[in-house]
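Take a look at the model below. This report looks at a ligand site first and then at a single residue.

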Amino acid sequence: MKAPCHIAIIMDGNGRWAKARALPRAMGHRQGMEALKRTLRAVRERGVEYLTVYAFSAENWDRPEEEISDLMELLRIYIRAELAELHRDGVRLRFIGDLARLPADVRKMINEAAELTAQNTSGTLVVALSYGARQEIIRAARRLAEQGAAMNEENFAAALDTAGIPDPDLLIRTSGEMRLSNFLLWQTAYTEFVFTDTLWPDFGAKDLDAALAEFQQRERRYGKRGTMAQ
Ligand code: IPE
Ligand code: IPE
Ligand code: MG
């Protein structure tokens with residue numbers, strides 16, 4: 001059984017998880033962070049090289065200020081608490097999105113985390129922050145135009161925030177929603193999608209294995225004739 005090389009996850013359902021327990025939304029996000037730690041561990045144990053997680057979308061800036069500041073605080077907490085161990089484990093950290101919109105101290109922290117771990121070779125965690133795929137595509141097009149570079153798939157992919165990262169093989173979205181919400185529009189052209197009703201704070205190894213089992217059943221045809229064809 002071959003593991004996918006790259007899994008992308010839309011970590012959704014923190015608010016509903018909290019609401020179901022009559023807890024503040026921030027508690028849902030806090031438990032979501034625990035789910036991320038668990039899931040990263042499980043993903044690495046299964047030999048998956050890249051994990052990309054959608055942590056904060058470009059459109060999430062439209063949420064109430066209080067929720068945004070709770071999320072930014074969690075990000076600081078995550079990096080402070082996890083960076084040393086991630087680095088020790090050889091994990092490379094990358095951040096994609098319109099990072100200029102993040103608070104200056106968060107920007108500094110993530111730049112330092114990316115720099116510290118840049119040479120690590122035991123897997124890559126890509127965190128999408130202030131990320132919107134349409135905005136990323138526009139930024140890439142602008143970059144190419146400024147460089148006067150040829151407009152082809154290879155140059156375009158290299159101008160995206162995800163330059164050098166292989167396209168996701170498997171995309172998982174939790175919480176029963178079946179949409180991309182402006183995540184990795186270019187990169188998911190041939191990605192297999194798995195949707196689960198599990199809310200993100202409840203996600204763990206069991207859900208990951210279920211998604212992997214579903215992925216193994218899929219026949220990826222890339223437009224060619226499949227092995228099932230007559
Ligand atoms: C996902 O959980 C986390 C972020 C979008 C930051 P939500 O906060 O969207 O939770 P629901 O969808 O309201 O349950
Ligand atoms: C997508 O979830 C963004 C993240 C998980 C970070 P949302 O909860 O923001 O998406 P919509 O609004 O339901 O499409
Ligand atoms: Mg949501």
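An oxygen atom of ligand 2 lies 2.6 Å from an N or O atom in the side chain of S181. Keep in mind that this is a predicted model. The side chain of D12 also takes part: one of its N or O atoms is 3.2 Å from an oxygen atom of ligand 2. For the side chain of R63, the distance from an N or O atom to an oxygen atom of the ligand is 3.3 Å.

How much of ligand 2 does the protein bury? Taken alone, the ligand exposes 390 Å². The protein buries 77% of that.

## The shell and its pocket

Where does ligand 2 sit? Its space is the largest pocket.

The residues around ligand 2 are I10, M11, D12, Y54, A55, F56, N60, R63, R173, R179 and S181. Sort them by class, and the shell has five nonpolar, four charged and two polar residues. Strand β2 covers residues 50-57. This strand gives the largest share of the shell, three residues.

## A residue in helix α2

Now turn to T39. This residue is found in helix α2, which covers residues 25-45. Is T39 buried or exposed? T39 has a relative accessible area of 2%. The cut-off for buried is under 20%, so T39 counts as buried.

Note on methods. Residues are numbered from 1 along each chain as its sequence is written. Chains are lettered from A and ligands numbered from 1 in the order in which they are written. This is a predicted model: local features need pLDDT of at least 70, side-chain atom pairs count only at pLDDT 80 or more; totals for chains, interfaces and linings use all residues. Side-chain values use heavy atoms; hydrogens and water are left out. A residue is near a molecule or strand if one of its heavy atoms lies within 4 Å of it. A polar contact is a pair of N or O atoms within 3.5 Å; within protein, one must be able to donate a hydrogen and the other to accept it, and residues adjacent in sequence count only if both atoms are side-chain atoms. Accessible areas come from the Shrake-Rupley method with a 1.4 Å probe; for residues, only the protein chains shown count as cover. On a 1 Å grid over the protein atoms alone, a cavity is a set of points where a 1.4 Å probe fits but cannot get out, and a pocket is an open set with protein on both sides within 12 Å along at least five of seven lines; lining residues have an atom within 4 Å of a point. A molecule sits in a cavity or pocket if more than half of its atoms lie within 2 Å of its grid points. Helices (H or I, at least four residues) and strands (E, at least two) are DSSP runs, numbered from the N terminus. Ala, Val, Leu, Ile, Met, Phe, Trp, Tyr, Cys and Pro count as nonpolar, Asp, Glu, Lys and Arg as charged, and the others, Gly among them, as polar. Buried means under 20% relative accessible area, exposed over 50%, partly exposed in between (1.4 Å probe, protein chains only).
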